[in-house]
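Please open the two-chain model in your viewer and keep the selection tool at hand. The tour below goes from one selection to the next and says what is found at each stop.

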Amino acid sequence: MIEIKHLAKTFSNHEIFSDINLTVNTGEILAIIGPSGSGKSTLLRCLNLLEQPDQGEVTIGDSHFTAPHISKKQAVKIRQESTMVFQQFNLFRQKTAWQNVAENLVTVKKIAKTAAKERALVELDKVGLSEYANFYPGQLSGGQKQRVAIARSLATDSKILLLDEPTSALDSELVGEVLTTLKSVVEEHPDYTVILVSHELEFVKEVATQVIFFEDGQIVESGQPKDVLSHPQETQTQRFLSRFTQQTIAQ
Amino acid sequence: MPKLIDFKMIFTNIPLLLQYLPITLGIVILSMIVGLAFALVIALVRLNKIPVLTQFFTLLVSFVRGTPILVQLYLSYYGVPIALKYWNYYNHTNYNINNIPAFIFVFVAFAVNEAAYNSENIRGALLSVDRGEIEAAQSLGMTGGQILRRITIPEALVVALPTLGNQFISLIKGTSLAFVAGVIEMTAEGQIIAGRSFRYFEVYLSLAIIYWGLTVITEIIIRLVEKRINKFRTVQKVVKLNDALSASSEVTPIKRPVQVLETEIK
């Protein structure tokens, strides 16, 4: 479960958001949609303390923190509660696919290398990449890289998945394979709590249990995907969604 | 015409001089290790902008890079005893300067010199490491130390290695100045042999051959290391899952899980 209370974040005079309140129950898949620069990613990164929130309280899994006073030790523990998939994949380029997946197991969980490798190969197989276990990220396509990153996240056994625009950096023909993988992941793990920041509205409609529309650091609208996406109540949401439909038609 | 050059002597000198190779290599390796560790500390302090220490190290780096190594050796040779006397005076101890081997003066000078030169190089290399990879490591729950050891330093090494290699080679050659601080290494021994036989040219030619050989060997080693740490740029082969599993451990190959990825999203 994730519970956010009065979360605030400012980047040197530029306020990203000042009072975010949000609850995501275990097993829910929350999708955050909204224009670029609205603070969606920052919100996600605050949960993983990649950004230090200025104020607020967060309960994530079994951990709880009150910003801004978070010790380094506490931060490490909080980060282990969740796992993140990044827009730019962020694979370790000097490590092979299986080493990327096994890194958390070896370093954080202190599992023996052979056992970690076995587990890594199983996770890679789940995303359809076991044959590429010995490949370095530089030799993989964008879609393959992101699937390795998903396998890396799954190997951590964290039950909270933070997906930060997982397909935004991909060529359009590679988006499908990553979405297929993500879909099978959430279907296989109904107990996972997921926050997904994405512009893939069709995908959001398909997998999300809850959607919020985010603009200028505010939660403008929230509800069931079919309500928010098909019958938006707020004018801002309507405007955002109509831009999307126009784009789709133009394409 | 008298024999102007004793060719035979050039080669007979080499084994005599090589007896002092361990001293030369000792200075090189010790000051390189300590120098690199110190350089990493300086780089990290300056990157994290730790007050007071940053300014101190900036000053130190500027000073060391702005003065000749020969002068630094003399400063160490005369400075360490003075420091020791102050120490004795304020702490009421009675350490004797004569008990400190000359090796220490040389080692201190070279280590500080190496640290100063390499710290800038290391700082640049650390800055070149992809921020995203560090964030990924953080989000995996790795501690600062683990990230430094497993991600940042290996990646920075790829960038820093060519410069570090050059610095290592100039350190090997730089040790030939150690005699000014009273250490008998290869060059000092050469001077002793030359003083005895008056065959200066031959001795220095022998020394030149030895240093040249050392440099060539070092270059080969650096090239091998470079190849090793750049392995991630080489192409790998496709390996079937079960082959990979049986190659990696003694476990029996697993039954392939049901393919769940075939459903296509509309």
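Helices (H or I, at least four residues) and strands (E, at least two) are DSSP runs, numbered from the N terminus. This is a predicted model, in which local features need pLDDT of at least 70, side-chain atom pairs count only at pLDDT 80 or more, and totals for chains, interfaces and linings use all residues. Residues are numbered from 1 along each chain as its sequence is written, chains are lettered from A and ligands numbered from 1 in the order in which they are written, and side-chain values use heavy atoms, with hydrogens and water left out.

Begin by selecting residues 2-241 of chain A, which the unreviewed UniProt entry annotates as "domain: ABC transporter"; such annotations may be inferred rather than shown by experiment. Over this stretch the chain is 39% helix and 26% strand, and the end C-alpha atoms lie 27 Å apart.

A:F89 has a positive phi of about 65° although it is not a glycine, and it is buried, with a relative accessible area of 9% (buried means under 20%, exposed over 50%, partly exposed in between, with a 1.4 Å probe and protein chains only). Then select A:L49, in the loop between α1 (40-47) and β4 (55-60) of chain A. A:L49 also is not a glycine and has a positive phi, of about 55°, and its relative accessible area of 1% makes it buried.

B:E135 is buried, at a relative accessible area of 10%, and, not counting residues up to four places away in sequence, it touches A:R45, A:L50, A:F86 and A:N90, where contact means heavy atoms within 4.5 Å.

Finish with helix α4 (residues 69-91) of chain B and α5(B), which pack at an angle of about 130° with their axes 8 Å apart; axes are lines fitted to C-alpha atoms, for helices over the stretch in contact, and angles run from 0 to 180 degrees between N-to-C directions. To see the contact, display residues including B:L73, B:Y77 and B:V80 in α4(B), and B:F105, B:A109 and B:F110 in α5(B).
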